[in-house]
Amino acid sequence: MQRFITDLKRTHSCGQLTKADIGKEVVLFGWVNNRRDHGGAVFIDLRDREGVTQVVFEEDVRPDVHETAEKLRLEYCVGVRGKVVSRGENVNPKLKTGEIEVHASDLEIFNRSEATPFPIEDQVDTAEEKRLQYRFLDLRRAPLQRTLMTRARVNHVTRNYFTENGFLELETPFMVKYTPGGARNFLVPSRLNPGKFYALAESPQLFKQLYMIAGFDRYFQIVRCFRDEDLRLDRQPEFTQIDVEMSFVEQNDIFGVIEGLVCRLWKEVLGVELPRPFPRMPFDESMAKYGNDKPDLRFGMEHQLLTDLVRQHGGGGVPLLQDAVAKGGIVKAMRVPASANFSRTEIDKLEEYVKGMGAKGLARAKVAENGEWTQSPFAKTVTPEMRLPINQVTGAQPGDLILFQFGKASTVHTVMANLRVHLAKRTGLIPEFGSGGQWRFLWVVDPPLFEYDEDSATWQPAHHAFTRPRDQDLPFLETDPGRVYCWRYDLVLNGFEIGGGSIRLHDPEVQARVFKAMGISAEEARNKFGFLLDALRMGAPPHGGIALGMDRLVMLLTGAESLRDVVAWPKTQKGTDLMTGAPGDADARQLRDLYVKSTYEPAK
RNA sequence: GGGGUGUUAGUUAAGUCGGUUAUAACGCCGGCCUGUCACGCCGGAGGCCACGGGUUCGAGUCCCGUACACCCCGCCA
């Protein structure tokens, strides 16, 4: 007797057979996706990663096989041999294989299955907590199978693309020396070096620059990075980056290479031709219009900066605005068209929403037929001289609503940025995944090298110390740091930052000035980055690079709503793995070997 | 660290003003059925209402706390 796997090898996948295969003897392996037992005949939907094929077991043809088939239950893992037969009148148009079925002559149950904790179906509304606990079952579902196959495709295309373009795939260490600043690191105690710790690399940044200095010219890596920061919908503590560095390049060269990759990915994964080049927008413009550096350009609802206008009118009769401007804050407004038709209750809800982000409130004004403001805390006192220009710059028409934020710049920007997206979702301005015109790529360029920290009233580096300032801004490095812009760039898609990079500082002289401006002493610089500073003094080529967030790319390519849906084994918001229980306890012996002592005391 | 939402059979949900034995669908178990594909029909099992306090004659329901999950702010050069 012939046995499955040893003698009977798989001939086809469950998504493969068509009417061209009618008459063939086939062997399929897979899982019981569904069963319909009609007594004399049992119908099974057999599933593997490629699809589903209907298998029929008939009592009067093979009573012994039929008897086994009666025992089949959902998610049993089986092998089937049989003949491909036309379904005749009974075609199932919903199935790729719906024109045929397999009439089984042999069946082996490799493994039975207990009742699964949730159904293995395409559309499942099981709590995510449960899905993550049984992730191996969640991953059996077709949508996640498709997503991970897309992810594999992205890996494959990326490797081909860079290899074809003269890039070398080179590795970098995960266990590195901790350098302060930037993201919080995960620490790994060193058993061989008591009291010392490795850090898990938050990015290969310094090593890829050293590859350039070593003369490797063009580097790429699809690499895991680790950051011990709080999680979000689009942030996991370990994530994958498409990391790139190139020698003898300027910003445009990097953009060309990356646009080439992105276009290839969209073409090969979605069959979409993206227009090139991608548009660019200065950082300052993005902050003014959208309140952040990752604007979603699929809809308008831009912000208007009213700070200067308010200042010109001495507050325009509104003490709150005057006060905000006088204290160095900013004033922003946004028009909500009358068609949004918000009720008083809904606007109150919006106010609660923005208060959750640190806003003091949500000042608003409804524009009347004559341009006057109603339903507004400003209505009584605002001067027409200021009101009219505000109506004009916001484009507010009678019936429209103007929403205001004022005060500390960072809060105003954050609140208005989130409000803009929130309102767009509420009013249906964001197109469904799969409809046309939804790929709005953008390069955000020319950010300042320093950002003003209102709390400490000092200029703080906005980026790492190896970003190259604009040559024409160098004179201001010591005198007016806020005027120094740099060769840094972010690639943005539909409101997500999917990549960021910079042209690096390769000139040791300028490097020294930047360190000084950043308040990093020569000793400190030597301590932290001595090896890189040495390297820069020994014939470092001009170079620059970028890193793309691979998980976010896949998330956007597949229309997934969360990064957790494109990561096979994701962590929860508290950084735990609900399936394995990580992170777990260490026993006393392990800790002693590592010279580590926990000070943690569980709450009573 | 802060704000918000949620937690009821295996799963997804309902549960009114605080009041008798907590419902339904799917799944599961048993039986019947040869053209189903969300198969159908008959029968059955299945509950610490997340956990801990409190209010009350009486709590799934009201209050407080805790845990967990999710969303956001801070954080993420």
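**Notebook: RNA strand B and a helix pair**

I looked up Glu101 and found one of its polar side-chain atoms 2.7 Å from a base nitrogen of RNA strand B; I count a polar contact as a pair of N or O atoms within 3.5 Å. This is a predicted model, where local features need pLDDT of at least 70, side-chain atom pairs count only at pLDDT 80 or more, and totals for chains, interfaces and linings use all residues. Residues are numbered from 1 along each chain as its sequence is written, chains are lettered from A in the order in which they are written, and side-chain values use heavy atoms, without hydrogens and water.

Next I looked at the phosphates. A side-chain N or O atom of Lys574 is 2.8 Å from a phosphate oxygen of RNA strand B. For Arg73 the corresponding distance to a phosphate oxygen is 3.4 Å.

Last, I turned to two helices (DSSP runs of H or I, at least four residues). The axes (lines fitted to C-alpha atoms over the stretch in contact, with angles from 0 to 180 degrees between N-to-C directions) of α13 (508-517) and α14 (522-536) come within 11 Å and cross at roughly 160°. The two are therefore roughly antiparallel, a term for angles over 145 degrees.

Methods. Parallel < 35°, antiparallel > 145°, perpendicular 65-115°, else oblique. Polar contact = N/O pair within 3.5 Å; in protein donor to acceptor, adjacent residues only side chain to side chain.
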